[in-house]
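Student: I would like to learn how to read pockets and helix packing in a structure. Please take one feature at a time.

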Amino acid sequence: MDRIALKEKSKEQIKGKIAILFLCTLIYTFISTLFSFIPLAGPIVGAVLILPVLAYGLYVVFLDVTIGNEIKIETLFSGFSNFKNVWCMQFLMYLYVTLGSLLLIVPGIVMSYAYSFAPYILAENPQLSGREALRLSKEMTDGHKWDLFILQLSFLGWELLGIVTFGIAYIYVVPYINVAYANAYNRIKEEFNPEF
């Protein structure tokens, strides 16, 4: 995987789209924060039922950038039309990664990369179950987890920029990183199964 070319492509793809991508991220963050202020069951309902489905919608937004689709705010809520599969996929992914982390930190990290493509797979194949999307993600990332780790590590400077600018740089950094990761998915998908 040519990391430099992939990142350059991502920079080109987000040009002129930073505002709408930031707005989508801001809406997700606002809703996440809102649930934490609802008394009693609010944080539980939000964390367990709503936020995993919204997080999926954010994945779809960034994937849309890479395939040239129009970016729409309503895409953020697209997971609710396939709630059962999306929720199951997100829940199982969090469960597997958490269990892996309980064993040791490294298995949890490896599992997080193994299942990281599941939201993209489900977005392009909504007929799949959440479990099938996770299985395919595990197969796709086999032999590529190190590449994905290095890709993520290559954004460390950008992450630090976000911190030293008190979050202002994240307006650009968050879309850039997420679009790059979606591009990594597209690249590995071609190798895995071009017709997938």
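**Pockets and a helix pair**

Tutor: The largest pocket holds about 630 Å³ of space. The model is predicted: local features need pLDDT of at least 70, side-chain atom pairs count only at pLDDT 80 or more, and totals for chains, interfaces and linings use all residues. Residues are numbered from 1 along each chain as its sequence is written, and side-chain values use heavy atoms, leaving out hydrogens and water.

Student: How is a pocket found?

Tutor: Rolling a probe the size of a water molecule over the atoms shows where empty space is left. On a 1 Å grid over the protein atoms alone, a pocket is an open set of points where a 1.4 Å probe fits, with protein on both sides within 12 Å along at least five of seven lines; lining residues have an atom within 4 Å of a point. A volume is the space filled by probe spheres set on the points, which are joined across faces, edges and corners.

Student: Which residues lie nearest the centre of the largest pocket?

Tutor: They are Tyr59, Gln152, Ile177, Asn178 and Tyr181, among 20 lining residues.

Student: How are two packed helices described?

Tutor: By the angle between their axes and the distance between the axes. H5 and helix H8 (residues 145-153) pack at about 95 degrees, with axes 10 Å apart. That makes H5 roughly perpendicular to H8 (65 to 115 degrees). Axes are lines fitted to C-alpha atoms over the stretch in contact, and angles run from 0 to 180 degrees between N-to-C directions. Helices are DSSP runs (H or I, at least four residues), numbered from the N terminus.

Student: Which residues of H5 meet H8?

Tutor: Val110, Tyr113 and Ala114 meet Lys145, Leu148, Phe149 and Gln152 of H8, where contact means heavy atoms within 4.5 Å.

Student: What is the volume of the second largest pocket?

Tutor: The second largest pocket has about 160 Å³, and H10 gives the most to its lining, with four residues.

How values were computed. Helices (H or I, at least four residues) and strands (E, at least two) are DSSP runs, numbered from the N terminus. Angles under 35 degrees count as roughly parallel, over 145 as roughly antiparallel, 65 to 115 as roughly perpendicular and the rest as oblique.
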